[in-house]
Amino acid sequence: MPIKPMKYALSIIPLISSMIVYSQSSSFFTNGRLILGTHKERTASLGVGDIDSDGDMDVLVANGRHWPGQNRIFLNNGQGIFTVSMALGDEMETSYSTELADFDNDGDLDVAVGNDMAPNFMFMNDGTGVFTKASSFGKEYDHTRNIVTADLDNDGDIDILITNRSSENEICLNDGKGNFLKTLGFGSKDDSTIDVEVADMDGDGDNDLILANRDEQQNFVYLNSGNLEFSKKIPFGTGSDNTRSVAIADMDKDGYLDIITANIDEPNVIYFGGKKLNFSRNAIVDSSSSRSYAIAIGDLDQDGSTDVVFGNSREPNTVFLNRENGTEWERVQLSERELNTYDVIVSDLNGDGKPDIIESNSDEVNLYYFNRFKPKFP
């Protein structure tokens, strides 16, 4: 049903602090074997999926950022150990982001790679994990920081969103065969967008866009009119955040989607959705003012609530277990290591039914942690 026009105040009510309980990191286990190779590269992004169609989760690693690096595929042996690795493509690229999806609708996972000031490229899977470099997508020499996949035009294939720092963001529409010949802009041309999520925030049946902006710019939800026009926007956050990443989930189980933010040098906050769709109600998840670069979400302790993982720069990475519908949290520190983590992903790597955690670290090995959490609640 149509949404009535509303006025949205830019001022944000004072943040509601959450109760935080500290816990030991024994719930998540890593060691010198649980790494993705021995390279210490400028890793910026991860992708997880069954690349070789053998039933377990493999990992794709995007390396480089501003400097050419070799992107790599790591194949799972079925037990959460990555015993085979191969290069993705023959060349090294300034890769910032990568995504796995079946772009050509042939039943296997293909790869999209977003590069900084270099063309973005598709790699098509033959079904066994062997990739062939295919067409480019988006503008050739833009400052790509992230790519996200979703069916935005509801035609049954996977489209690509590109966030470009200091230039216009792009929606690349798929023709159904993995070619992206039509490109639309989204957001403001002045946005410093670093991340975007796609979800139906207003419940009208189409996908809206949730933008995380850096450089003390206002964050926005852009509502889809139903024909890929995103003219109506709703602010969230303080208006001067340095938001690096966002995630979407119904954290308080009220039937409305909420926005979780990872911020630089300020608390990480949930902005709760509601009938009025103004995101004024909020709560602090992490009050430490960490330099948080990435978010992953999942039910890590399997109690039916959505938990949050924050990947931090020059500080330990942390898990926050959701105890009271997004208002009370149990903090779990993954390790003592202070790394530059650009991405985190939650996925069951060893097939035990528990979601594990993978880190992508710049200038350090990429770690992952097996979930050994014993739920406190049935």
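Leaving aside its neighbours within four places in sequence, which residues is Tyr141 in contact with?

**View 1. Tyr141 and the residues it touches.** Contact here means heavy atoms within 4.5 Å, and Tyr141 has Met117, Ala118 and Pro119 as partners once neighbours within four places in sequence are set aside. The model is a predicted one, where local features need pLDDT of at least 70, side-chain atom pairs count only at pLDDT 80 or more, and totals for chains, interfaces and linings use all residues. Residues are numbered from 1 along each chain as its sequence is written, and side-chain values use heavy atoms, with hydrogens and water left out. Look for Tyr141 in the loop between β10 and β11; strands are DSSP runs of E, at least two residues, numbered from the N terminus. Ala118 is 23 residues away from Tyr141 in sequence, but their C-alpha atoms are 4.7 Å apart. Tyr141 counts as exposed, at 57% relative accessibility (exposed is over 50%, buried under 20%, partly exposed in between, with a 1.4 Å probe and protein chains only).

View 2. Rings of Phe, Tyr and Trp (its six-membered ring) pair if their centres lie within 6.5 Å; planes under 30 degrees apart are stacked, over 60 edge-to-face, and the rest tilted. Phe137 sits in strand β10 (residues 131-137), while Phe180 is in the loop between β13 (169-173) and β14 (182-186), 43 residues apart. Both Phe137 and Phe180 are buried.

View 3. Since Tyr293 belongs to strand β23 and Tyr342 to strand β27, the pair ties together parts 49 residues apart in sequence. Tyr293 is buried, at 9% relative accessible area, and Tyr342 is buried too, at 15%. Arg244 lies over the face of Tyr293, 4.1 Å from the ring centre (a charge sits over a ring if NZ of Lys or CZ of Arg is within 6 Å of the ring centre and within 35 degrees of the ring normal).

**View 4. Lys233 over Phe220.** The charged end of Lys233 sits over the ring of Phe220, 4.5 Å from its centre.

**View 5. A cluster of rings.** Phe82, Tyr368 and Phe370 are linked into a cluster by ring pairs. A search of the whole structure turns up 8 aromatic pairs.

Technical notes: Helices (H or I, at least four residues) and strands (E, at least two) are DSSP runs, numbered from the N terminus.
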